[in-house]
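The sequence and structure are shown below.

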Amino acid sequence: MSARIGSFVRKEIREIVRDRRAIILSFVMPILVYPVMFSLMSSTERKSEEKVQQEVHRVAVTGAPEVRDALADLERVEFVSLPADPKKAIADGDLEAWVEAPDTLVREGDEAPVVRIWHHVSHDKSRNAEERLQEALARAAERVKDARYQAAGGHGSLGDLVTLVTVDVATKEETAGAEAGRLVPYLLVMTLFIGAAAVSTDIVAGEKERGTLETLYLVPVPREVIARAKFFVVWGATIITGTLNLASMAWCYRSGLMGDASVDVSALSPAGLGLAVLLIVPLAAVVAGIMLGLSALARNVKEAQLQLMPVMLLAIIPGMLASGQAVKLSPVTALWPIANVALAVRDGLLGQMSLPLLGLVFVASVGWGFLVTRWTAGILSREDTILGFSPEPLFAHTTGGRRRATMLALAATVLAFFYVGGLLQTWKLLLGLGLSLWVVLPLLGAASLRFAGSGGRLADVLSLRAPRPLALLGAVLLALGVGVPLFFGVMKLQGTFLPMPENFMGDFGGELGDAGKPLMLFLIAISPGICEELVFRGVFLGLLRRVGTVRSAVLISSAGFALIHLSVFRFAPTFLLGLVMAGIVVRTRSIFPSMLFHAVYNASVMLVIGEGLLEPSPLTWGGSVAVFLAGVLLVRSAAARSGEGGGRFSPTGEESRRAP
Amino acid sequence: MTERIRVQDLAKTFLGAKGEEIRAVNGVSFACREGEVFGLLGLNGAGKTTTLRMLSTVLTPTAGTALVNGHDIASDPQAVRESIGFLSGTTGLYPRLTAEETLRFFGEFHGLEGDRLNSAVERVLETFGIAKYRTQRCEKLSTGMKQKVNIGRAVVHDPPVLILDEPTSGLDVLAAATTLEFVESCRAEGKCVLFSTHIMSEVERLCDRVAIIHEGSVRASGTMAELRERTGQKYPEEVFRAVVGNVE
């Protein structure tokens, strides 16, 4: 009996393992999706927490002086005098909260004196202030009560010293909007995806499975017409799903089914609700296009469902971004696909609409919808899509297959380095850092080379060629000159729309600081200079140049390099550094100048930050730029002499020839 | 007789599991005329279906040309699709549409409307004896009945050219007989029928001329009498074996 079961199990496992697509989609994809999702979620959460940590709350306190005293130690509170109209001041955001206490804290019979905390529920800052004030007052009241209880010899019951009451100054409409604004955008995005998935799976993958897609493509109409018709069906179904869900949500709120979260729907701003319905239209186009395109890539319904699953997981992100108020609708976020509508709907429900931004959201969504639709139409016109077979294996030994293999290897390297390196460094910082760079990263690079490589001399792929001395000198000058423009130009500019957390520039204290400068130089400058360069400018730049243009190889390898620093704040600067280093390799045809650049740059940053960052004088600015330009000239000159390029130096190496 | 199909050096290359090139069709040439049933004979995987899919414009050739009813399959695929009725084992029916809805749907796409559409649908329903199942969903029909609806779907617009890829595959004896009778009636009506099969009795019964296709190339073509004479074999199976050689 058990032998028979064993035979069946072996057969089933063999079949499952041989279904490579299913394995990739159901096992590998979630591994790729979750880190993206969680790092975005934690980054948003951190940003939100940091924002709250930095907030200074303006609070007015009136009545018994004990109340004012109880709050005196509260940090980041600015006590202000009571404005003439405190409720209006709170509603206008001029005051976060008003603590209104009676003149004396004396119990009247069984009634404890009432202390009111006036705040505005739909203003995050006011709500945070109210939470802090309530907590501080409750704690103080407990302390006093304990003291009195002890003084009374631990006998009797004192009852509550005060009754804390929170009063929301928001209008009925604002309260309803705040409640709905947290949940509705999230549910709306999710339901649109669910609706689109159900229909797109059936009308493309389902048709392939039933053999009707080939029959359909025999009718004498252009393929684009069929693709467009299918898109319209999914789009329409998605709009209907979204609208019905919105109506259902409104009914649930209205009927009281939501319990404490119930809001008076009639109090919701009609403009906000209207906006939600209006924005469903372009949002549904984007969602429908994505789901239809992905479904078309599948050979059958099972594959389509597996392919759509990670997308449904990722769909949580835009709604999640809109569920708090940490991410604001701005000219930048208004361009983000899907999330822009979620943010706009939230703001609409909160009654905080900005017409120009709404216009931008609408235009951007229509633009995204258009792009996604074109992509979908392209997929639906392909013969392999129509007939349900794949003309080329995923990782075939063709340019396309090698490109996909390289991209997968790059993604796997970034993630594996993040996980394994992170674990090692949590275990022991110094040893972990050393092991990550000298063991984990080279192993990942070697595995990538084996998986995605297509032969050729290793020295050619990795650009292991003796450099010209001028190239080395140029690299040093570039490294010394790039710091000031990067820190005080790029990062400052980035800080205007993505504020850096405090102490972000690097805390060289603790274990790392105690290591001593020689060890620090080895770990922070020399090791990345060798190991990171070998993998990103060696393996990945080398592999990518063989399967695409030099420009795309430089851009993609630099993006991978930036991603291993897994920080939203460090992405732009490390990406730019990656571009410069990849540009050096492309121009000089050697990896050694970029290794030198990396080591010198990291060392200079370490030493300068160790001394404290000061705003550079115009002279320092000028000097840095001059040194950088001198480096550019030298690298360019070295390139010209080595016969590579000879035109304008460009970090993306646009004018370079492809590697042999 | 007018030539309805002319295929010249048609080729199609796919990529295999390891990215290697697989030449499914490698320079196929033949011609079919009106009032003729032309048989494309070959083993499974010989390249018959790929050739017919290229002629139906679902697949794009890697090389070569073909004219169907005077229209180039590469430059005028829509006109080609207007001229043909295509049926294969992979052209399925919409399970949730009724037999009549299916015929109407495909008739409309071929430009039929109003009375012309009504009479075309009635003609097909009568010809194939499926009138009493007209309101039944295709998923409820028997295999034979489904095949009749499928043939009806392919000819509802009365095309001058029929391309049938192993149309009797998987059918019971009666359903297969109906299909073969239909092919004969098409020939009688002067249509050009390109018919792929590996069943020799069908070849004997139907085909005026045949092309034997093997490993993507036409190995021999002509009437069965010509092929018998050329190979010195009496039975069609022996003729076929003599042309393609002993295949493992």
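How many helices and strands does chain A have? In this predicted model, chain A has 24 helices and five strands.

## Chain A

Chain A comprises 660 residues, of which 40% are buried. Among the contacts in chain A with a separation of 6 or more, 77% are between residues 24 or more positions apart.

## Contact between chains A and B

The contact between the two chains draws on 21 residues from chain A and 22 residues from chain B. On the side of chain A that touches chain B, helix 7 (212-216) and helix 14 (383-387) each supply at least two residues. Classed by residue type, this side of chain A has 11 nonpolar, six polar and four charged residues.

## Helices 5 and 6 of chain B

In chain B, the axes of helix 5 (residues 143-155) and helix 6 (residues 173-188) come within 9 Å and cross at roughly 20 degrees. Angles under 35 degrees count as roughly parallel, and helix 5 of chain B and helix 6 of chain B are therefore roughly parallel to each other. The crossing of helix 5 of chain B and helix 6 of chain B is right-handed.

Helix 5 of chain B contributes Thr143(B), Gly144(B), Gln147(B), Lys148(B) and Ile151(B) to the contact. From helix 6 of chain B come Leu174(B), Ala175(B), Thr178(B), Thr179(B) and Phe182(B). By class, the contact of helix 5 of chain B with helix 6 of chain B has four nonpolar, five polar and one charged residues.

Terms used. Residues numbered from 1 in each chain as written. Chains lettered and ligands numbered in written order. Predicted model: local features only at pLDDT ≥ 70, side-chain atom pairs only at ≥ 80, totals over all residues. Contact = placed C-beta atoms within 7 Å. Helix = DSSP H or I, 4+ residues; strand = E, 2+ residues; numbered from the N terminus. Nonpolar A, V, L, I, M, F, W, Y, C, P; charged D, E, K, R; others polar. Buried ≥ 20, exposed ≤ 12 C-beta atoms within 10 Å, placed from the backbone. Axes fitted to C-alpha atoms, helices over the stretch in contact; angles between N-to-C directions. Parallel < 35°, antiparallel > 145°, perpendicular 65-115°, else oblique. Left-handed = near helix turned anticlockwise from the far one by under 90°.
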